[in-house]
Amino acid sequence: MAQLIFFCGTMDSGKSTLALQTAHNHQSRGRKGLIFSSKDRAGSGKISSRIGLRTDAIEVDESLNFHEYVLEQLAQSQKVEFIIADEAQFYTSAQIEQLATIVDSLDIDVFTFGILTDFRTELFPGSARLVELADEINPLQVGALCWCGSRATHQARIINGVMVTEGEQILLSTADDVVAYEVLCRRHHMRQVTSRKSRDYYATNVPLFGE
Ligand SMILES: [Zn+2]
């Protein structure tokens, strides 16, 4: 029986690398599948990994209906034996439900990959729906590390060098503001101590926690 499987991790946890490896494993056995991604760092219609691998992918925007898309492929006699769906945190709840329908009604395995929580430590809608619906949830074992060496479980949003905890869920850099992300352990996310702040502390003894 086909399954809806969710691999989750923070940024830098090797999520896209695993998505690419999974696609490769199936393709090397002659299996045909579809590869989706959304807002990848390499641009629209790509999956790229930090260790340099990349492949073309179907870009997911809000208007895409996964179930209808797959039905169209099948109607054109295209084989669809598996689906890889990266950056699933950016999908809508409805799109996750469409993926579940593909598993149940078409008996196609769907492998999803995504970040669990956003920079405010709240679940992304796509990831929340996956936690609710997936047959299997696998936290990635190659954990990214916080600057302190602990396992990083959260992402910090850093605008012009300063960590922020409020704002839109998805935000990219503009001409005025450089938006960056850093993975932190929960302790340092809660205390808002980024690697830069910790370095400043050791260089200048500026209090870390606002004492
Ligand atoms: Zn830490």
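Predicted model: local features only at pLDDT ≥ 70, side-chain atom pairs only at ≥ 80, totals over all residues.
The chain is assigned two domains, domain 1 (4–139) and domain 2 (154–204).

**How the domains sit together**
- The centres of domain 1 and domain 2, taken over C-alpha atoms, are 27 Å apart.
- Ten residues of domain 1 and nine residues of domain 2 take part in the contact.
- On the domain 1 side, the residues that touch domain 2 are four nonpolar, three polar and three charged.

**The nonpolar cores**
- In soluble globular proteins, nonpolar side chains tend to be buried together.
- The largest nonpolar core here holds 36 residues. Ile 83, Ile 84, Ala 85, Leu 99, Ile 102 and Val 110 have the most contacts inside this core.
- Two or more residues of this core come from each of these elements: strands S1 (4–9), S2 (33–37), S6 (82–85) and S7 (109–115), and helices H1 (15–27), H2 (66–75) and H3 (93–106).

**Helix H4 and its buried face**
- Helix H4 spans residues 125–133, and its buried residues are Gly 126, Ser 127, Arg 129 and Leu 130.
- Viewed down the axis of H4, these buried residues fall within an arc of 160°, so they line one face of the helix.
- The buried residues of H4 pack against S1, H3 and S7.

**Two loop residues with positive phi**
- Most residues other than glycine have a negative phi.
- Glu 87 is not a glycine, yet has a positive phi of about 55°. Glu 87 is found in the loop between S6 and H3.
- Glu 87 counts as buried because it has 25 C-beta neighbours inside 10 Å.
- Asp 107, a residue other than glycine, also has a positive phi, with a value near 60°. Look for Asp 107 in the loop between H3 and S7.

Terms used:
Residues numbered from 1 in each chain as written. Domains from an automatic or database assignment. Contact = placed C-beta atoms within 7 Å. Nonpolar A, V, L, I, M, F, W, Y, C, P; charged D, E, K, R; others polar. Core = buried A, V, L, I, M, F, W, Y, C linked by C-beta atoms within 7 Å. Buried ≥ 20, exposed ≤ 12 C-beta atoms within 10 Å, placed from the backbone. Helix = DSSP H or I, 4+ residues; strand = E, 2+ residues; numbered from the N terminus. Arc of directions from axis to C-beta.
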